[in-house]
Amino acid sequence: MTDALRTWLPTAAAGVSIALMGLCALRLLARLIRVLRGQEDPFTPVRPADELPGRAPARALLAAAGAALLSRALVYLLAYAMRRAMGESGGFLETLPLLWVHWDTRHYTGIALEGYTAVGDERLRLVFFPLYPLLMRLLSPLTGGNVFASGLLISLACSAAASAMVCSLAYETYGARTAKLSVAYLLLSPLSVFLNCCYTEALFLCMTLATMMLLRRGRPWLAALCGMGAALTRMPGVIVAGLFLIELLAGIPKARLTMRAVLRCAGQMLIVFSGLFVYWAINWIVTGDALMYMTYQRENWFQEPGTFWGSVSNTVYYLLGSLEEGDWFFSWGAQLAAMAFVFLLLAFCVDALPFDWAAYSFVYVAVVLAPTWLLSGPRYLFALAPLPMLKAQMVRGRGAHAAALTLSAALLVLFTFGYTIAIEVL
């Protein structure tokens, strides 16, 4: 491949990403104007639902939670079977840590056991947010002090709760069929392998979906507390504060934009951001610098604030350079595919989401794909809470959904191998 082509392709890919996100932004701007004029309900999709929405029955929620636990059990068994097929010995429980303790799991278990520090290599743990390892530590007495086991319990419980909440929100917005499809797309996503790990994906999804659901139920203060939990779990958690702002703006056509409403909204958003403030306080207490985590990210992970189109350009550049090395698929190849898929969904299917979820999705994608030298983009995109519902609306035919879910399940098998055996999935 010529040097000119290696220079041109990344630039072209960045331009395509700008065009797609720009198209999404224009559609969202037009919808915002309609919302402010009272011509659109910001809490219902522009596209009509296939069937009459309604409150999900308890059996549907239990089925969704059960499906989450069953699917996670099958993934555990799949990883164990792969290990045995490769000639490795050991019992199921004995090999769980060997299969599932990789990458960030080591940092979370370290924080749960020892907390944060400002010295040695362990100081780098400060870049990981505190809620998940804190819960691991608090629940460890239930597992005999084994924080890895308590972390798995948290991830499994949050996966079940997230699945039930996806079912509930999709049921109320689109109807029963889309609710089932949304749960299927969540649990069969290739990156759902991280729901089986001591990673924050399950907890973050749970907190974000709880915020969305409580807002729909008219419980904004409880929603704000869940938003605070999301912000204590991962940096993008603060983005849910925008949902409260949209709730405020929705009152403009109805003459409900009073000073009391503004102050109430500001208070709720402040609660969400207090999760980030607590994290900053931890940084300051440990190191004397509230933003020390940014220094560690820059010095050790080469990450600084950037742009989503810059990440697209870098991804294509590094992908072209890794094609001959054989490690391109689980790294840059998967990331580019995930980026392209989400950009296309937002550009052409964003009207399938209510305005508040659509605006949240746009900001979330732009933010999580912005860091320089991004390599965990697919995992970050998996944690986009409305994504399963957006996937369920991307096509209409049963055959198309069957094909998409089959492909997704096949990739889940491949990514399970990649994380547990090849140890290449980040």
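Colleague: What gives the most to the lining of the second largest pocket, and with how many residues?

Modeller: Helix α14 gives the most to that lining, with seven residues. The model is a predicted one, in which local features need pLDDT of at least 70 and side-chain atom pairs count only at pLDDT 80 or more, while totals for chains, interfaces and linings use all residues. Residues are numbered from 1 along each chain as its sequence is written, and side-chain values use heavy atoms, with hydrogens and water left out.

Colleague: What makes a space a pocket, and what makes a residue part of its lining?

Modeller: On a 1 Å grid over the protein atoms alone, a pocket is an open set of points with protein on both sides within 12 Å along at least five of seven lines, and a lining residue has an atom within 4 Å of a point. The second largest pocket is lined by 22 residues, and P190, A338, F341, K391 and L411 are those nearest its centre. Two or more lining residues come from each of α14 (329–349), α16, α17 (387–392) and α18 (398–422). These helices are DSSP runs of H or I with at least four residues, numbered from the N terminus.

Colleague: How do you know the volume of the second largest pocket?

Modeller: The volume of this pocket comes to about 520 Å³. Grid points are joined across faces, edges and corners, and the space filled by probe spheres set on them is the volume.

Colleague: What makes the lining of the largest pocket, and which element gives the most to it?

Modeller: The largest pocket holds about 1200 Å³ of space, and 35 residues line it. Nearest its centre lie V127, Q297, Q303, P371 and Y380. At least two lining residues each come from α4 (104–114), α12 (292–301), α15 (355–368) and α16 (377–382), and α12 gives the most, with five.

Colleague: How do you know how many lining residues of the two pockets are nonpolar?

Modeller: Ala, Val, Leu, Ile, Met, Phe, Trp, Tyr, Cys and Pro count as nonpolar, Asp, Glu, Lys and Arg as charged, and the others, Gly among them, as polar. By that rule the lining of the largest pocket has 23 nonpolar, seven polar and five charged residues. For the second largest pocket the division is 18 nonpolar, three polar and one charged.

Colleague: Why is a space called a cavity, and how many cavities of 30 Å³ or more does the structure hold?

Modeller: A space is called a cavity because a 1.4 Å probe fits at its points but cannot get out. The structure holds three cavities of 30 Å³ or more. About 70 Å³ of space lies in the largest cavity, which is lined by L191, F330, S331, A334, L375, S376, P378, R379, F415, V425 and L426. Helices α14 and α16 give two or more residues each, and α14 gives the most, with three. The classes in this lining are eight nonpolar, two polar and one charged.

Colleague: What makes the lining of the second largest cavity?

Modeller: Its lining consists of Y185, L186, S189, F382, L387, P388 and K391. Two or more of these residues come from each of α7 (176–187) and α17, with the largest share, three residues, from α17. The second largest cavity has about 40 Å³ of space, and its lining divides into five nonpolar, one polar and one charged.

Colleague: Why are W328 and F329 called partly exposed?

Modeller: The relative accessible area is 34% for W328 and 29% for F329. Each value falls between the two cut-offs, so W328 and F329 are both partly exposed.

Conventions:
Buried < 20%, exposed > 50% of the residue type's maximum accessible area, 1.4 Å probe, protein only.
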